[in-house]
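Here is a short briefing for a first look. Start with the sequence and the structure below, then read the points by topic.

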Amino acid sequence: SGMLARARQALKEDSIVPFYQPKVDLKSNRVTGCEALLRIRGEGDRILPPSEISAAFSDAELAVQLTDRMLALVFADLKRWKAEGVSPGRIAVNVSAADFRQNDLLDRLRRHASASDQDLASVDIEVTETVLIGELGPDVARMLQELRQLGMAVALDDFGTGYASLTHLQDFPVDVIKIDRSFVERIDDNEPKATAVIDAILQMANRLGMATVAEGIETDEQARYLRGRGCTLGQGYLYSRPVPATDVPRMLSAITEPL
Ligand code: G
Ligand code: G
Ligand code: NA
Ligand code: MN
């Protein structure tokens, strides 16, 4: 597809960049960390619309290359932030199913961390349910457990969409559930059906001892609702859009020192 060619080109031309979106503690309004999201820099530093980026991860070989590039860039940013006294918290990196197929994800993480002289445990991992399904399940569970033992948290992304098989929550070592934006955006409608699902997810996560992140928070009303229901963290345009590394210091101070 067009996206695959574009992503391959971007790898060659060094125009892959991580953007960072903060995760905010809904009680204290403090930034606890950021999610790294892949972006492609086009002509004249323009950032290409991200809508089709996920297509690039459908090709296994490309997906692994993109993860490697993101890891290299994220650890380099962490190194620079540390030198500059910037504290963005823990950085979550998205990994794809292909990253687990090779059995060397841990080695790759180690290599990228040490190339920038950083602690492996300064990053967390986000996976979608598509990573968990299929014949690789037991291997994935073992790898996730290894990552957790080394101090990385594992988040289950886009929870509630896709398969959403609840057995995943029992069978896989997951620390965090990310509630998909499609649920959060319905909160304002005051739609009992929408909030019933969110409430149930939060209750279940709580019972399972998992932290929760609500994605796509755009309004105060959504944040207030989620806080009231015990959701731990929030992410969304209400706090910040994903921003390039150079804007992270400004983004952090805008959230922690509101006008
Ligand atoms: O922010 P954005 O619209 O780009 O996100 C689109 C989709 O692409 C999301 O599902 C997001 O999780 C995914 N995505 C963004 N960056 C990465 C990345 O670096 N690796 C992987 N595997 N997925 C990513
Ligand atoms: O699948 P994943 O959840 O990682 O992708 C998140 C996607 O949602 C990214 O494309 C990100 O840029 C986008 N996003 C983040 N916050 C908001 C928000 O508040 N509103 C909307 N509409 N999109 C958001
Ligand atoms: Na994600
Ligand atoms: Mn998500």
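**Ligand surroundings and helix packing**

Ligand 1 is surrounded by Leu37, Leu38, Pro50, Ile53, Ser54, Phe57, Met70, Asn94, Val95, Ser96, Asp157 and Pro242. A residue counts as near a molecule if its C-beta atom, placed from the backbone, lies within 6 Å of it. This is a predicted model, in which local features need pLDDT of at least 70, side-chain atom pairs count only at pLDDT 80 or more, and totals for chains, interfaces and linings use all residues. Residues are numbered from 1 along each chain as its sequence is written, while chains are lettered from A and ligands numbered from 1 in the order in which they are written.

**The ligands**

- The shell around ligand 1 holds 8 nonpolar, 3 polar and 1 charged residues. Here Ala, Val, Leu, Ile, Met, Phe, Trp, Tyr, Cys and Pro count as nonpolar, Asp, Glu, Lys and Arg as charged, and the others, Gly among them, as polar.
- Ligand 2 has 13 residues around it, and Asp158, Gly216, Glu218, Gly236 and Tyr237 come nearest.
- The shell around ligand 2 splits into 5 nonpolar, 3 polar and 5 charged residues.

**Helix H1**

- H1 has 12 residues and reaches 16 Å from first to last C-alpha, close to the 16 Å expected at 1.5 Å a residue. The expected span is 1.5 Å times one less than the number of residues.
- Helices are DSSP runs (H or I, at least four residues), numbered from the N terminus.

**H1 against H2**

- H1 (residues 2-13) packs on H2 (residues 60-84) at about 40°, with the axes 11 Å apart. That angle makes H1 oblique to H2. Angles under 35 degrees are roughly parallel, over 145 roughly antiparallel, 65 to 115 roughly perpendicular and the rest oblique.
- Leu4, Ala7, Arg8 and Leu11 in H1 meet Leu62, Gln65, Leu66 and Arg69 in H2. Contact requires C-beta atoms, placed from the backbone, within 7 Å.
- The residues of this contact are 5 nonpolar, 1 polar and 2 charged.

**H2 against H4**

- The axes of H2 and H4 (residues 105-115) come within 8 Å and cross at roughly 30°. H2 and H4 are therefore roughly parallel.
- Asp68, Leu71, Ala72 and Phe75 of H2 touch Arg108, Leu109, His112, Ala113 and Ala115 of H4.

Conventions
Axes fitted to C-alpha atoms, helices over the stretch in contact; angles between N-to-C directions. Helix = DSSP H or I, 4+ residues; strand = E, 2+ residues; numbered from the N terminus. Contact = placed C-beta atoms within 7 Å.
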